[in-house]
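Q: Could you take a close look at one helix pair in this model for me? I'd like to know how the two pack and what sits at their contact, with a bit of context from the rest of the chain.

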Amino acid sequence: MGTEGHDLVPYESFLEKTRQSSSVSLHAGFLSRTYARQLMKEGETAALQSARLWLPPNTTQLQGNEFHYNLFESMITGRNLAEDAPSDTFRGIFQAQLLKDVAMAHRINTIIEGHPDDRFLVLAGNGHVSHYQGVPERVLAQHPDLIPQSCLIVSRVWNETTLLSEATAAQIVSSSSYENAADYILAYQETRTEEAVKKDVAEMYNQVGDTAHLEGNLMRARAILKYLEYTDDDIAVAGRDAYNYQGVGNPHKHAQIQPGERVLDVGCGLGVDSFIAAHRTGPHGQVIGIDLSHSEVEHANRRAQSREMKHLEFIVADMEHIPLPDASVDVIVSNGAFCLAPNKKKAFAELFRVLRPGGRISICTSTLRSHQLPEGVQWPLCMEMFIVKDQLGPLCAELGFENIVVDDSNSKMVYELPEETGTLNPDRHRVHGNNPAFRHLEEINE
Ligand SMILES: C[S@@+](CC[C@H](N)C(=O)[O-])C[C@H]1O[C@@H](n2cnc3c(N)ncnc32)[C@H](O)[C@@H]1O
């Protein structure tokens, strides 16, 4: 079963199919996505009633311990687990996590009890195993006799330099954060290749490019640009292209592009920041926008032509392989594209190569505040690619960049738009907006 269309599967036939299977993972994904919404909207009693066949008989409430909530909330907010106390903001969605945990533990216990002579390998997520919360402690609480015979293995995605290093593995095992959790560590490499991620990204944004010619909501777009502190002049230059803005910030605030400069816009999308940059450089300067998506690039080139901006050109290219000579640009801007780069180091190194000595880069990118996205929630591909904010500065410094500023002012992911800005044109493709698979994220924001 794919991730989309869960709500369309007839409940009874799904149930029958999964009950016959000994796999628990399908069951977990289904539970977390399907009942989270019901739990948040209708409350625990209604959700427990709908999920009753997955739960131990007579389950009337979902109980989790305070440490587990503390851990869950810290993963969502990035708060240091050991320092401040958690807020109550995520108590609602935490109940959905508990529902999944209780159901998974029950399923595992049922299988174990049905096969007393067998041994089992139970694969649980890192959040469960590293901190021994959620499923493992529920299974063993039910079967204390199994404690001496069981062994916990923590799995970690590792890069190739440390994958086989015994010394590193030993160091991790002995470090305090793992002390009480696992008996062994399984280090593995992510199987999804960086090239596969980029192919998916290009496909997603080709769909955006295909509907970019349809009229969007200009008033809303202008309100967003204004909120992000684009100047009135910038907004006037964006003109009706403003509704094709897809960025996450305002790179011009720090780029301060000057007349006559040579500018590169990395992951330019439909070109809004490039148009603004080209206005700032004037005809004696030059702007090149690169993007993985050919349909966005084609649209942006058509717009540059009709705007008669001859010093502006868009090219299909990967930011890891920029088709420009060394030290050939004065300024690099990028807005919302580094969020998607699977290999940030390679991408930043390529920027360093094409930037002239003394040049400037201004990159707007979404980041994570914590080191791990919480489990039990399906995150969009881009969020899985986000870099941790504190890693950005050291990464750039390591590559040779100087005078690095990480500006996280005005970086809220949610803000109120005036009501009169109206709604979006549903015929225009949006990367996250049209995808029912991620509706649960709106509930996390509530
Ligand atoms: C969120 S959009 C932002 C577009 C544009 N900068 C804006 O602000 O409107 C991200 C863009 O980055 C592009 N992108 C992602 N990875 C890229 C890569 N490796 N090389 C070039 N472009 C990339 C995508 O195709 C997409 O157009």
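A: Let's start with handedness: a crossing is left-handed if the near helix is turned anticlockwise from the far one by less than a right angle, and right-handed if clockwise. By that rule, α5 and α7 cross in a right-handed way. Helices here are DSSP runs (H or I, at least four residues), strands are E runs of at least two, and both are numbered from the N terminus.

Keep in mind that this is a predicted model: local features need pLDDT of at least 70, side-chain atom pairs count only at pLDDT 80 or more, and totals for chains, interfaces and linings use all residues. Residues are numbered from 1 along each chain as its sequence is written, and side-chain values use heavy atoms, with hydrogens and water left out.

Now the pair itself. Helix α5 spans residues 91–114 and helix α7 residues 135–142; they pack at an angle of about 40°, their axes 9 Å apart. Axes are lines fitted to C-alpha atoms, for helices over the stretch in contact, with angles from 0 to 180 degrees between N-to-C directions. That angle makes α5 oblique to α7, given that under 35 degrees counts as roughly parallel, over 145 as roughly antiparallel, 65 to 115 as roughly perpendicular and the rest as oblique.

Who touches whom? From α5 come Leu98, Asp101, Val102, Met104, Ala105, Ile108, Asn109, Ile112 and Glu113, while α7 brings Val135, Arg138, Val139 and Gln142; contact means heavy atoms within 4.5 Å. Sorted by class, the α5–α7 contact has eight nonpolar, two polar and three charged residues. For those classes, Ala, Val, Leu, Ile, Met, Phe, Trp, Tyr, Cys and Pro are nonpolar, Asp, Glu, Lys and Arg charged, and the others, Gly among them, polar.

Zooming out, the protein has 19 helices and nine strands. Of its 446 residues, 46% are buried, meaning under 20% relative accessible area, with exposed over 50% and partly exposed in between (1.4 Å probe, protein chains only). Among contacts between residues at least 6 apart in sequence, 73% join residues at least 24 apart.

As for confidence, the mean pLDDT (the predictor's confidence in each residue, from 0 to 100) is 81, and 74% of residues reach 70 or more. Residues 22–26 fall below 50, and that stretch has nine contacts in the model beyond near neighbours in sequence. Where pLDDT is low, the predicted coordinates should not be read in detail.
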